[in-house]
Amino acid sequence: MSYQFELALRQYIAVFDGTNNIPPAKFQTRFDNLYHKNFTFLSKDGNTLTREEVYEREASKLANGTKVTLIHFRKIGLDCIDIKLGLVNGGEEHAVRFVTTITAKQAVTSKEIDESPEANFWSPELTTTLMVIGADCKSVVYKWKEFGTFQTNM
């Protein structure tokens with residue numbers, strides 16, 4: 001399952017090459033292939049974004065000519081993936097990291113991980129690791145709620 005998600009993610013990232021030369025319908029198709037219809041995104045400042053809000057944000061990044069590169073893609077749980085992306089827009093460069101729970105080959109929920117020095121005062125490695133583990137545990141709880149909703153679960 002994570003292989004199909006990784007393939008969809010890489011195809012989606014390929015759109016963000018800084019040229020903005022993709023038709024809106026093709027961008028919408030790649031977005032739909034990556035994100036589940038009930039997708040939610042929890043940002044590091046605590047705001048929860050719906051799928052439509054994420055689409056608007058991503059479309060504006062595409063229109064601004066943002067270039068995105070995949071820094072790492074690590075499977076950290078049953079259906080949980082740690083992803084780090086590098087974003088370059090003009091001269092500004094930064095990285096974002098988030099933990100994503102996948103279901104049916106699509107992202108269903110993502111939580112952004114704050115790797116800033118201010119958020120990780122005592123030990124950046126330990127604090128970031130604890131945030132990733134916490135997000136992974138929430139992934140397990142989400143999957144437990146999902147268990148039994150399909151006819152093939154025993």
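This is a predicted model: local features need pLDDT of at least 70, side-chain atom pairs count only at pLDDT 80 or more; totals for chains, interfaces and linings use all residues.
**The pocket**

Start with Arg57, Glu58, Lys61, Leu85 and Phe98. Among the 24 residues that line the largest pocket, these lie nearest its centre. The space in this pocket comes to about 360 Å³.

Next, colour the elements that give two or more residues to the lining: α1 (2-15), β1 (35-42), α3 (51-63), β4 (80-89), β5 (92-103) and β6 (106-113). Colouring the lining by class gives 17 nonpolar, three polar and four charged residues.

**The salt bridges**

Select Glu6 and Arg10. Their closest N and O atoms are 3.0 Å apart, and the two form a salt bridge. Both residues belong to helix α1, four residues apart, which is about one turn of the helix. Arg10 is partly exposed at 45% relative accessible area, and Glu6 is partly exposed at 22%.

Move to Asp32 and Arg51, whose side chains meet in a salt bridge of 2.6 Å, N to O. Asp32 lies in helix α2 (residues 24-34) and Arg51 in helix α3, so this pair ties together parts 19 residues apart in sequence. Asp32 is partly exposed, with 29% relative accessibility; Arg51, at 14%, counts as buried.

Finish at Asp82 and Arg97. Their side chains meet in a salt bridge, with 2.6 Å from N to O. Because Asp82 is in strand β4 and Arg97 in strand β5, the pair ties together parts 15 residues apart in sequence. Asp82 and Arg97 are both buried.

Notes
Residues are numbered from 1 along each chain as its sequence is written. Side-chain values use heavy atoms; hydrogens and water are left out. On a 1 Å grid over the protein atoms alone, a cavity is a set of points where a 1.4 Å probe fits but cannot get out, and a pocket is an open set with protein on both sides within 12 Å along at least five of seven lines; lining residues have an atom within 4 Å of a point. Grid points are joined across faces, edges and corners, and a volume is the space filled by probe spheres set on the points. Ala, Val, Leu, Ile, Met, Phe, Trp, Tyr, Cys and Pro count as nonpolar, Asp, Glu, Lys and Arg as charged, and the others, Gly among them, as polar. A salt bridge is a side-chain nitrogen of Lys or Arg within 4 Å of a carboxyl oxygen of Asp or Glu. Buried means under 20% relative accessible area, exposed over 50%, partly exposed in between (1.4 Å probe, protein chains only).
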